[in-house]
Amino acid sequence: MNASDFSQCARQHDACPFCPEGELSSFLPDQSFVYDDEGSSWTFNYAINRCSSCGVGLMNPMPESQLSNCFYSTSYNCYIKPLELVEQLKTQPMKFSSARWVAGNALLHKLLAGLVALLIGRRFTYTLSRPMVMDTSARFLDFGCGAGTFLLLLKALGYKNLFAWDISSNLEVSTALEQAGITQLPVEFTNNSLMDGEFDMIRMEHVLEHSNDPLELLKKLKSKLADGGEIVCTVPDFDSWCIKLDPKSCPLLHLPYHTWHFTSKSLAILCREAGLEIVKERKIPVYRQYQQSLEKTDGHQFLKRLTCLVGKLG
């Protein structure tokens, strides 16, 4: 790909694609991505716009897949994430129980999960814990599996019908999944009827915001669900104070990899248009998000310690 291909690989949005009454305004102008590979070098210029009604943020112009795929490589951080969590949860049952409690409804279990999180210094997210309440025979797809860490964990814990999909990978990840007996689905999986109506749960851990067309993607994944099936999805919150306080440094934006930036309102519209119902929504406390943002900078040492302390007490 070269600079002359850009006009065919990116589309300009003049209005919000989710709500007709919304107007797009500039949120972060003058952004760019420089691609350099084997002597081929070019720059993709873009801005982040925000809708005045639903609040969604989007990269504008919006790159098509053949352009946005250039942002990634097999050394992208989610493909090289270490697998320590797998071994930790295999050898420490209390952590595994804590993860299950997070997704439960019992008040006692939620209190116990908070206590364990305080003791071990790790709070499990809902998307990590929700799949763990499945029956071990359930058919589970990790869509955007990255390094395959979560699938390898479930395999070690006795789950049998596990499936992996990602837009890219590397030999080490593919080999680990194959040796564990985890089925790896082809890249074109969403573009055909392969395994329609078969999955009890599909997990999307920070995947939707990378999509070129999130509405079309959700529609396709909905067709893959069995009756009563669930999609468990995590996305950054574009309404977060972390972004409002420091949009240029906040890791939640993760530019240029995140092409969409969702709010609760825009996500509700998106799910409704895809024929999905939001059953439960949970948010990460702002001090945790701001702590992550501060860790990306050299200063603010006092605020780093303060948010770390609040995180341990929260």
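The structure is a predicted model, in which local features need pLDDT of at least 70 and side-chain atom pairs count only at pLDDT 80 or more, while totals for chains, interfaces and linings use all residues. Residues are numbered from 1 along each chain as its sequence is written, and side-chain values use heavy atoms, with hydrogens and water left out.

**Overall composition**

- The protein chain holds 13 helices and 11 strands, where helices (H or I, at least four residues) and strands (E, at least two) are DSSP runs numbered from the N terminus.
- Of the 314 residues in the protein chain, 45% are buried, meaning under 20% relative accessible area with a 1.4 Å probe, protein chains only.
- Contacts (heavy atoms within 4.5 Å) between residues at least 6 apart in sequence join residues at least 24 apart in 66% of cases.

**Strands 9 and 10**

- Strand 9 (residues 199–205) pairs with strand 10 (residues 225–234) in the parallel sense over six bridges, pairing being assigned if DSSP finds at least two bridges between two strands.
- Met-201 has Glu-230, in strand 10, as its bridge partner.

**Helix 7**

- Helix 7 (residues 149–156) is largely enclosed by the rest of the structure, because six of its eight residues are buried.
- The buried residues in helix 7 are Thr-149, Phe-150, Leu-151, Leu-152, Leu-153 and Leu-154.
- Gly-158, which follows helix 7, has a positive phi near 105°.

Definitions and conventions: Buried means under 20% relative accessible area, exposed over 50%, partly exposed in between (1.4 Å probe, protein chains only).
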